Amino acid sequence: MNDESITAWALAARGGDPEAVERFVGALHRDVQRFVAHLCADPQAVDDLAQDTFLRALGSLHRFEGRCSARTWLLSIARRAVTDSFRYAAARPRPADVPDWRLAVEHAQPRGLPGFDDGVALADLLGALSEERREAFVLTQMRGLSYEDVAELTGCPIGTVRSRVARARATLVGLLAAAEGAREEEGVLVAA
C-alpha cells in the first residue's frame, strides 16, 4: 500500500470516516507488529504493544496534519509505546509465576514453521547490532522505509541513518563470514 493512500485514509479518519479508520488500521497493522517485534524483546508483548500503538494513534488522530506520511507518524508512536513499556517494566518488574521460566519460554516458541531456523539466525544476527544500527537497518532494509522517513521517525540526521545502515550491513556481512568460516572448520575437523 502506498504512503499517499494511507495518509489520505488517516486524514479522512481524522474527519470521522469509520471506513477510513478501518482501512488505515488494516493497511499498517502488520507493519506496526513487525516494527514492534524488532524493537521489543518480549514476543508475548507484540500484540499488546501494537494495540497500544493504534489506541494512542486513534486517540491523537485529531492532531495528525499530514506533514509526514501516516506510516512514519504511526511508527514513531509505536517506538514511543515500546519505550514506555520498557520504562514501565523497569519501574515495576513482575516475577514469573512459573517454576522454570526457561522451560516456559522454550514451550512458548513456535515450532515447525517454515523458515523458523532462519528467523532465529536473523534475530541472533540483528541482536549483535547496537540498538540504533538495528533500528535503522530494520526500518530501511526490512520494512522498506526511505532514509528520509527513518530520519524523521528517529529524530536524527539522514546522514546518520545512512551511516548506521552501512555499518549494520558491514557488521552483518562480517558475522556471516565468520559463521561460514566456523562451519567450514567444523567440516574439516569432522572429515579428519
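**Contacts and surface**

Of the contacts in the chain with a separation of 6 or more, 61% join residues 24 or more positions apart; contact means heavy atoms within 4.5 Å. The model is predicted, with local features needing pLDDT of at least 70 and side-chain atom pairs counting only at pLDDT 80 or more, while totals for chains, interfaces and linings use all residues. Residues are numbered from 1 along each chain as its sequence is written, and side-chain values use heavy atoms, leaving out hydrogens and water.

The chain has 192 residues, 30% of them buried (under 20% relative accessible area, 1.4 Å probe, protein chains only). Its accessible surface is about 12,100 Å², with 54% belonging to carbon and sulfur atoms (Shrake-Rupley method, 1.4 Å probe).

**Secondary structure**

The chain contains nine helices and zero strands. Helices are DSSP runs of H or I with at least four residues, strands are E runs of at least two, and both are numbered from the N terminus.

**Packing of α2 and α4**

Helix α2 spans residues 18-39 and helix α4 residues 70-91; they pack at about 40°, with axes 10 Å apart. Axes are lines fitted to C-alpha atoms over the stretch in contact, and angles run from 0 to 180 degrees between N-to-C directions.

On the α2 side, the contact involves F24, L28, D31, V32, F35, V36 and L39; α4 contributes A70, R71, W73, L74, L75, A78, R79, V82 and F86. These residues divide into 13 nonpolar, no polar and three charged (Ala, Val, Leu, Ile, Met, Phe, Trp, Tyr, Cys and Pro count as nonpolar; Asp, Glu, Lys and Arg as charged; the others, Gly among them, as polar).

Definitions and conventions: Buried < 20%, exposed > 50% of the residue type's maximum accessible area, 1.4 Å probe, protein only.
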